Amino acid sequence: MAVIVVRPTWQALDSSGDPIAGAKAYFYDTDTSDLQTMYTDTALTIAASSPLVADSGGVFAPVYGVGTTAVKIKVTTSADVTVYTDDPAPTISTTTSAASAISFSPTARIAQTDVQNAIED
């Protein structure tokens, strides 16, 4: 299962709120300095560059982690001066389930045992 690494704004900004062109993002196992491999695709087949480098507007491309270990992100300037560290960084699962895969206990009003059938009722 892949997880996408998410920031409210996945953009590096300085203390004045200006974008940091060429900022770098390093990804580690949480609470460690052990680098974690990130990927550019949800199938986790194409490794992302390490560090991940922001564009001229300070914007980073999306990256995906394996989801088994929490991720620490350290964002630096292009000269490797630390801007901030998130430990652990927020992530969102990319795994989805069909409504029919979610079950619940039927009631007198809803006799169906899965969401899809209950909605159709």
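In these legends a residue counts as buried under 20% relative accessible area, as exposed over 50%, and as partly exposed in between (1.4 Å probe, protein chains only). The views show a predicted model, in which local features need pLDDT of at least 70 and side-chain atom pairs count only at pLDDT 80 or more, whereas totals for chains, interfaces and linings use all residues. Residues are numbered from 1 along each chain as its sequence is written, and side-chain values use heavy atoms, with hydrogens and water left out.

**View A. The chain as a whole has one helix and seven strands.** These elements are DSSP runs numbered from the N terminus, helices being H or I with at least four residues and strands E with at least two. Read from the N terminus on, the order of elements is β-β-β-β-β-β-β-α. Of the 121 residues of the chain, 29% count as buried. The accessible surface of the chain comes to about 7,100 Å², of which carbon and sulfur atoms hold 52%; the areas come from the Shrake-Rupley method with a 1.4 Å probe, and for residues only the protein chains shown count as cover. Among contacts (heavy atoms within 4.5 Å) between residues at least 6 apart in sequence, 60% join residues at least 24 apart.

**View B. Four strands make up an open sheet with antiparallel pairing, in the order S3-S2-S5-S6.** Two strands are taken as paired if DSSP finds at least two bridges between them. Strand S3 (52-53) and strand S6 (82-86) are the edge strands of this sheet, each pairing on one side only. Strand S2, residues 24-29, runs antiparallel to S3 and is joined to S3 by two bridges; in one of the pairings in this part of the sheet, Lys24 has Val53 in S3 as its bridge partner. Further across the sheet, S5 and S6 likewise run antiparallel, and four bridges join them.

**View C. The hairpin of S5 and S6 has five residues between its strands, and Asp80 lies in the turn with a positive phi of about 65°.** Thr76 belongs to strand S5, which spans residues 71-76, and the bridge partner of Thr76 in S6 is Thr82. With a relative accessibility of 1%, Thr76 counts as buried. Leaving aside residues up to four places away in sequence, Thr76 touches Ala23, Lys24, Tyr26, Val81, Thr82 and Val83. The side chain of Thr76 also makes a polar contact of 3.3 Å with that of Asp80, a polar contact being a pair of N or O atoms within 3.5 Å, of which, within protein, one must be able to donate a hydrogen and the other to accept it, while residues adjacent in sequence count only if both atoms are side-chain atoms.

**View D. Lys24 and Asp80 form a salt bridge through their side chains, at 3.4 Å from N to O.** Because Lys24 lies in strand S2 and Asp80 in the loop between S5 and S6, the pair ties together parts that are 56 residues apart in sequence. The structure holds one salt bridge, the term meaning a side-chain nitrogen of Lys or Arg within 4 Å of a carboxyl oxygen of Asp or Glu. Lys24 is buried at a relative accessible area of 17%, whereas Asp80, at 41% relative accessibility, counts as partly exposed.

View E. A polar contact of 2.7 Å joins the side chain of Gln36 to that of Asp29. Once residues up to four places away in sequence are set aside, Gln36 touches Phe27, Tyr28, Asp29, Thr69, Ala70 and Val71. Although Val63 and Thr40 are 23 residues apart in sequence, the C-alpha to C-alpha distance between them is 5.1 Å.

**View F. Cis peptide bonds join Ser50 to Pro51 and Asp87 to Pro88.** Most residues other than glycine have a negative phi, and most peptide bonds are trans. Omega is about 5° for the bond between Ser50 and Pro51, and Pro51 has its place in the loop between S2 and S3. For the bond between Asp87 and Pro88, omega is about 0°, and Pro88 is found in the loop between S6 and strand S7 (91-93). Leu44, although not a glycine, has a positive phi of about 60°; Leu44 is found in the loop between S2 and S3 and is partly exposed, with a relative accessible area of 22%.
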